[in-house]
Amino acid sequence: MRFDLMRRATQWILLAILSMGVQATAIARGPVVQALVGATLIDGTGRPPIEDASLVIADGRITAIGRRPDVKVPSGAHVVDLHGKYLMPGMLDANVHLFFGVTIDALIRYDDRYEDVIAEAAQVALKNGVTTVFDTWGPRQELTRVRGQIAAGQRQGSRIFLGGNIIGLTGPTSTDFYNYRTLLGKAEADRIDARWEQGAGPELLWLTPDNVRERIRAYIRSGHVDFLKYASSGHAQEQFIAFSEAAQKAIVDEGHRAGLTVQAHSTSPESLRLEIEAGADLLQHCDATGLAEMPEPTLTLIAEHKIPCAALFETQKHLAWVLAQDGEQSDGYRSAHIKHENDRRLVAAGAMLLMTTDAGVLPADIKEVPKFSAAVSGDDLPIEMGQGHFRWLEAASELGMKPMDALEAATINTARAYHQSAEVGSLEVGKRADVLVLSADPLADPDNYRRIERVMKDGQFVDIQSLPNPRVLTKP
Ligand SMILES: [Zn+2]
């Protein structure tokens with residue numbers, strides 16, 4: 001009741017603010033035909049960089065690309081001289097949570113502003129060079145609306161693909177996640193969790209494979225998800241298996257029947273193996289196998305069959321912080337250490353790796369929340385939206401990944417894994433013009449990924465200085 005009153009009071013205040021004119025405005029359109037000339041261009045396919053390149057863009061798509069003498073720039077094109085700069089594709093993050101919903105305060109205070117929170121996160125990503133994100137657990141209706149607003153040019157932000165709920169798991173208030181049920185009361189907690197679960201929550205774990213199949217069909221019909229993610233592992237109890245082998249196969253089958261890619265949440269060697277056997281298209285946080293290392297046969301299978309493997313790399317600096325914080329014998333450090341070893345082995349085996357961060361925007365005051373203050377104070381926090389992907393690229397270098405392989409992991413690999421490579425992930429004729437202009441060579445030093453001067457999405461340069469706008473969770 002207490003929280004309900006607080007929420008209503010907050011809603012009135014927010015309604016008042018919104019009616020004062022904090023509204024999304026249409027994004028100004030730039031010139032229709034543009035040519036970016038003179039830069040060194042890295043196209044994201046693994047081909048060697050092109051020096052003194054020309055990239056021609058019309059109506060948001062790439063129409064010509066190559067060495068400057070070989071490319072005819074149409075008369076009347078708006079020419080942007082980028083000598084001394086580096087061009088690369090906009091990056092893709094294979095796993096984000098645009099609305100993390102970690103604190104009880106954020107869940108209640110922004111009850112009517114989930115869309116603004118989601119857009120803010122998509123803008124933090126875009127500002128930092130991530131032009132496409134894949135949201136793997138969040139409030140589906142609100143994510144769907146913001147995905148549409150961004151696609152229609154009504155809001156700025158990274159392009160969103162969404163999976164909705166992790167099928168079989170709960171929303172944020174339950175013990176699967178942040179455990180706010182006793183504080184909120186059942187009715188309020190159910191109402192919040194339903195925004196995530198959307199009819200595909202924990203009750204599915206009780207069902208037979210045939211009944212799971214029916215529920216998956218209904219889930220797909222009830223909205224417009226871009227892919228499915230289901231629980232192969234439990235979330236709170238990472239060593240527990242969630243769906244049975246037969247149920248996992250039914251879920252993957254139904255996803256494929258609807259033309260969707262399917263992935264699982266797995267955190268143990270057996271849940272990972274079950275997911276692979278069920279036919280998942282990509283393995284989400286495949287490197288997270290808890291307190292047991294990835295078995296050699298599984299690793300070999302992943303590497304040899306080039307099963308897309310979205311890995312949660314962490315820097316040495318972050319690992320050292322976990323060690324200092326928790327000690328060598330703690331489960332936290334042991335699982336981080338095992339994950340790091342898995343990463344090293346996956347890189348050495350030449351697995352098809354995707355940059356994945358699990359990132360979201362954390363409320364600016366989260367360090368003052370006792371439940372989270374220690375965890376979010378760590379060095380090189382991997383889950384910080386806008387920073388996590390830069391840290392991932394530094395970790396890739398530390399793990400011995402070749403610079404071009406790391407760049408592909410941050411671009412084309414994820415596009416391919418999600419079956420979106422006809423549209424995004426590389427700079428090639430016919431694709432959407434999502435382009436980063438860097439002041440230094442990202443292949444020479446991973447730190448140079450941070451040196452983003454301009455971001456183009458769908459052929460339009462983004463006013464990155466103005467983002468995020470509005471600010472909800474972030475502080476200026
Ligand atoms: Zn997951």
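Donors are N, O and S atoms within 2.8 Å of the metal (3.2 Å for Na, K and Ca); water is not among the atoms, so sites may look incomplete. In sequence, the donor residues of the zinc ion follow the spacing K-x35-H-x19-H. This is a predicted model, in which local features need pLDDT of at least 70, side-chain atom pairs count only at pLDDT 80 or more, and totals for chains, interfaces and linings use all residues. Residues are numbered from 1 along each chain as its sequence is written, and side-chain values use heavy atoms, with hydrogens and water left out. Helices (H or I, at least four residues) and strands (E, at least two) are DSSP runs, numbered from the N terminus.

**Zinc site**

- The zinc ion has the protein donors Lys-229 (NZ), His-265 (ND1) and His-285 (NE2), which lie 2.1 to 2.4 Å from the ion.
- Two of these residues link distant parts of the chain: Lys-229 sits in strand S11 (residues 227-231) and His-265 in strand S12 (residues 261-265), 36 residues apart.
- Both Lys-229 and His-265 are buried. Buried means under 20% relative accessible area, exposed over 50%, and partly exposed in between (1.4 Å probe, protein chains only).

**Parallel sheet, S10 to S15**

- Six strands form an open sheet in the order S10-S11-S12-S13-S14-S15, and the pairing is parallel. Two strands pair if DSSP finds at least two bridges between them.
- Strand S10 (166-167) and S15 are the edge strands, and each pairs on one side only.
- Strand S14 (residues 309-311) runs parallel to S15 and is joined to that strand by three bridges.
- Cys-309 stands opposite Leu-353 in S15.

**Mixed sheet, S2 to S18**

- A second open sheet has five strands in the order S2-S6-S16-S17-S18, with mixed pairing.
- S2 and strand S18 (460-461) stand at the edges with a single partner strand each, so one side of each has no neighbour in the sheet.
- Strand S2 (residues 40-41) pairs with strand S6 (residues 86-89) in the parallel sense, over two bridges. Thr-40 stands opposite Tyr-86 in S6.
- S6 pairs with strand S16 (residues 435-438) in the antiparallel sense, over four bridges. Met-88 has Leu-436 in S16 as its bridge partner.
- S16 and strand S17 (residues 452-457) run antiparallel and are joined by four bridges. Val-435 stands opposite Met-456 in S17.

**Helix H9**

- Helix H9 (residues 269-278) is mostly covered, with seven of its ten residues buried.
- The buried residues of H9 are Pro-269, Ser-271, Leu-272, Leu-274, Glu-275, Ile-276 and Ala-278.
- Their cover includes S11, helix H8 (245-257), S12, strand S13 (282-284) and H10.
- Gly-279 follows H9 and has a positive phi, near 95 degrees.

- Axes are lines fitted to C-alpha atoms, for helices over the stretch in contact, and angles run from 0 to 180 degrees between N-to-C directions.
- Angles under 35 degrees count as roughly parallel, over 145 as roughly antiparallel, 65 to 115 as roughly perpendicular and the rest as oblique.
- Helix H10 (residues 296-304) packs against helix H12 (residues 331-348) at an angle of about 45 degrees, with the axes 10 Å apart. H10 and H12 are therefore oblique to each other.
- The H10 and H12 crossing is right-handed. A crossing is left-handed if the near helix is turned anticlockwise from the far one by less than a right angle, and right-handed if clockwise.
- Glu-296, Leu-299 and Ile-302 in H10 meet Asn-342, Arg-345 and Leu-346 in H12.
- The axes of helix H11 (residues 316-326) and H12 come within 9 Å and cross at roughly 155 degrees. That makes H11 roughly antiparallel to H12.
- The H11 and H12 crossing is left-handed.
- On the H11 side, Gln-316, Leu-319, Val-322, Leu-323 and Asp-326 meet Gly-332, Tyr-333, Ala-336, His-337 and His-340 in H12.

**Val-361**

- Val-361 lies in the loop between strand S15 (353-355) and helix H13 (370-373).
- Val-361 is buried, with a relative accessible area of 8%.
- Beyond its neighbours within four places in sequence, Val-361 is in contact with Phe-100, Ala-121, Val-124, Met-385, Leu-473 and Thr-474. Contact means heavy atoms within 4.5 Å.
- Val-361 and Ala-280 are 81 residues apart along the chain, and their C-alpha atoms are separated by 28 Å.
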